[in-house]
Amino acid sequence: MAYFLSTHLNSTLWKLKPLALKTTSAGALLIANQRKYSSKDDAGSEYLHRSVVPTMHYQKSLPRLPVPKLEDTIRRYLAAQRPLLNDEHYSNTEKVAHDFQNGIGKQLHEELVAQDKRNKHTSYISAPWFDMYLCARESVVLNFNPFMSFNPDPKPEYNDQLIRATNMVCSAVRFMKTLRDGLLEPEVFHLNPAKSNTDSFKRFIRWVPSSISWFGAYMVNAYPLDMSQYFRLFNSTRIPKPKRDELFTGQKGNHLLVMKKGNMYVFDVVDRDGNLVKPSEILSHLKYILSDSAPAPAFPVGVLTSENRDVWAGLREKLIEAGNREALGLVDNALFCLCLDEEEMRDHIHISHHMLHGDGCNRWYDKSFSMILTKDGQAAINFEHSWGDGVAVLRFQNEVYKDSTAKPLVGPKTQPATIDSASAVQRLEFNLNPELESGIVKAKDNFHAAVSKLTINAMEFRKGGKEQLKKKKLSPDAIAQLAFQMGFLRQYGKTVATYESCSTAAFRHGRTETIRPASIHTQRCAQAFVQQPGQHSVEQLQGLLDACSKYHSQLTKEAAMGQGFDRHLFALRYLANTKVVVPSLYQDPAYAAINHNILSTSTLTSPSIRLTGFAPVVSDGFGVAYGVHDNWIGCNVSSYPNRNVHEFIQCVQKSLEDIFTVIDGKPINSSSV
C-alpha cells in the first residue's frame, strides 16, 4: 500500500522537465489564509519557525504529473509479469496486452490525455485515486490506516504521559499555525543544499513570482514538492456515506478531541484571537481528563468508525436522528484526535498492534490523524489514508518530534494552571437507542474478529546496512527488496506479485507510483542463492547482486518520475468503467494476479520514527514496513493465518546474511534456516 512517503526521490529529480502550470485549489485554500511573510511574530511560542519563503510559494509552478506513453506502459507491464508467469501464460498475457495497446487501450489513452489537458490544475491520477479510497467499503482499520510511532524523548522524565501529551499538542498547534499563516518552510528536496538551502537563496527566491518560482529552484538543483494535501491535516474527518464517503475539512474548530477509556472530551487549544492556549492550561485540562473517574462506556461510539463503511454510514444517520448531530459536529471539526491510553507497552510487537489498531474503543479512526499516547509515554500517529499518502503526515511528525523534544513548553516541574478545567473541558454524551447499542455491539465483535487474525513480527539485521552497501555501489533499497524476494522463495518456493510505494510528490497533485521489485533479475538472483547453492562463484553472485541493484534503481527512477505502469493502467481502467465492455486486459487473470500483492512493502527512515506498520493488503499476503539504516536493516512484518510471518522473518534474516557474506567476498553457507 501507498502508506508512507517513499525515500526514492534521491538521484531522480534532476530529470524533471520545466512545464507551464496553474494554481491548485488546495494551494489556493492555504494561500488565502496566509499572512504576508513580512509580518512579525508577536508571540515567541506561536510558531515553529518563520520561513522567509511563503509556504505555498512554489505550488503554482510545480510540474505536472506526466501521462506515460502507452507503449512504454505496456512494455513495463509485461516486464513485471515475466517472472510471475510460465511461458504459456506469459504468451497469452503478451497477446492480450498488445491487442489492448493497438485497440481499445489506444482510444482510452487518447481520451485520458485529452482529459488531462483540460484539467491542468491537477493530475490525471488525483480524482481516480480519491475515488478508489472513498468508494472502498471495507473497514479503514487494517485495510487502510497505517501507523508511525515516535522515538522516545531523549530526556526520560519528559516521556511521562501527561507531559509528553501536552508538549506534543502544543507543538501540533504551533505547526498548524505556522502552516496556516504561510510561515512553514516549503517542502523542498535539495540535491545541492550548499547552494539552495541557504539564507541568500531564500531571500532571492521569495521575490520570484510564484508562477515561475519552481524554475528558480530548479536552476540550483532544488525540487519543491507538492503540498496540496497539507490543508487536510487539521479539522478534517472522513464522513461515511453510502457507496462513497466524503472528506470534510472545517475552518472554525479551535478544539481538540481527546479520548480516554472510550470517553470523548473536547476543549479549546486555540483562543478567540487565534493564539495557542497557555501550555499550563492545556496541561491542566489533560490532567483533569486523565484523572476523570468516569467508567468506560458500555457502548463506545468510537468503535463504529471501525465498521464496514456502508454499515457505519447507516448508523451515523441513526446517531443524527437520535439527537447527536452537535456531538458529531464537534468530533468532525476537532483539530485532531488525541488518544490517551491506559496500557503500558511491553515490546515492539505490542507497540505495533496497539498503534495499528488498539482495542477499537478509544479511537476515532476517521479523523485525518490521531495522536496516541500510552501510559508509559509511547507515542504514535495513526492516520486515515484517503486524504493523503503520508507526505504531509511525515513532515508533521518530524516537526512535532523536533519541536516537542528540543523546545518543550512544559516540564516535570511545570505546575498546571489554576483554572477550572471542569468548566473548560466538555465530555461528549451520546443519545443511544437499542438499534444503535446493537450496532455498537456488532462493531466490537467484528473488530475483535478481524484484529485477532493479525500477527506481527519484527527483525533487526545488525551485520550491515546502508554504509556498507553504498561502498560496494549497491542500492540499499534494492538489496532490502531482494532479501524479501529471497525470503519468500526460500519459504514458499515461488515469486509473487510485489508492491513498493514511491512518492510522486515532485509533481502537482502527485500521489504515488508503484515500484515492482519482483523482476527477472531478482528471480534469477534469488534462485541462485536459495535453490542453487554451490553452483555459482562468489564473483558470479556479486554480478547478480549488481544486476538487481541497477535494475531496481532504474525502476525507482521511473516511478519517481511518474513513469511506472500501475497508475496509468489504473486511470485507463477508471475510464473504461464508463464503457459498455470491459477491455480484455482487465479480464486477464494475470492482471488480477499482479494486483493481488502478496508482498506489500513500504520503506521509511526518519530521526523521529521508531516503528512503522500496516496490515497485509490481501488475506494471503505480508505487510512489510522496513528501513535501511546506516549500519543495520529493520523490518516490521504483518500477516494473517494464511501465512507464517515468523518463518518469513527467519528467511529474510538468512537472505540478508547470505547477501552480506557474498558482498564481503566469502562463499555462502548453503544450510537451511
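These are my notebook entries on a predicted model.

**Ground rules.** I number residues from 1 along each chain as its sequence is written. Local features need pLDDT of at least 70, side-chain atom pairs count only at pLDDT 80 or more, totals for chains, interfaces and linings use all residues, and side-chain values use heavy atoms, with hydrogens and water left out.

**Entry 1: the annotated histidine.** I looked up His385 in the UniProt record. The unreviewed entry lists His385 under "active site". Such annotations may be inferred rather than shown by experiment, and UniProt positions are given in the numbering used here, with feature names shortened. I then located histidine 385 in the loop between β10 (379–383) and α13 (391–406). Helices (H or I, at least four residues) and strands (E, at least two) are DSSP runs, numbered from the N terminus. Is histidine 385 buried or exposed? Histidine 385 is buried, because its relative accessible area is 0%. Buried means under 20% relative accessible area, exposed over 50%, and partly exposed in between (1.4 Å probe, protein chains only).

**Entry 2: the six-stranded sheet.** I traced an open sheet in the order β12-β18-β17-β15-β13-β14, with mixed pairing. Two strands pair if DSSP finds at least two bridges between them. The edge strands, β12 (455–461) and β14 (512–515), each pair on one side only. From one strand to the next, the twist averages 25°. β12 pairs with β18 (residues 633–639) in the antiparallel sense, over seven bridges. I found asparagine 457 opposite valine 637 in β18.

Next I checked helices on this sheet. Helix α12 (residues 348–356) lies across β12 and β18, at about 130° to β12. α19 packs on the sheet too, touching β13 (498–503) and β14, and its direction makes about 165° with that of β14. Axes are lines fitted to C-alpha atoms, for helices over the stretch in contact, and angles run from 0 to 180 degrees between N-to-C directions.

**Entry 3: helix α18.** I listed the buried residues of α18 (residues 520–530): Thr522, Gln523, Cys525, Ala526, Ala528, Phe529 and Val530. Their cover includes α17 (476–492), α19 (538–560) and α23 (645–663). Contact means heavy atoms within 4.5 Å.

**Entry 4: α5 against α20.** The axes of α5 (residues 126–135) and α20 (residues 566–576) come within 10 Å and cross at roughly 80°. That makes α5 roughly perpendicular to α20, a label for angles of 65 to 115 degrees. Ala127, Pro128, Trp129, Asp131 and Met132 in α5 meet Arg567, Phe570 and Tyr574 in α20. I sorted the contact residues into six nonpolar, no polar and two charged.

Terms used: Angles under 35 degrees count as roughly parallel, over 145 as roughly antiparallel, 65 to 115 as roughly perpendicular and the rest as oblique. Ala, Val, Leu, Ile, Met, Phe, Trp, Tyr, Cys and Pro count as nonpolar, Asp, Glu, Lys and Arg as charged, and the others, Gly among them, as polar.
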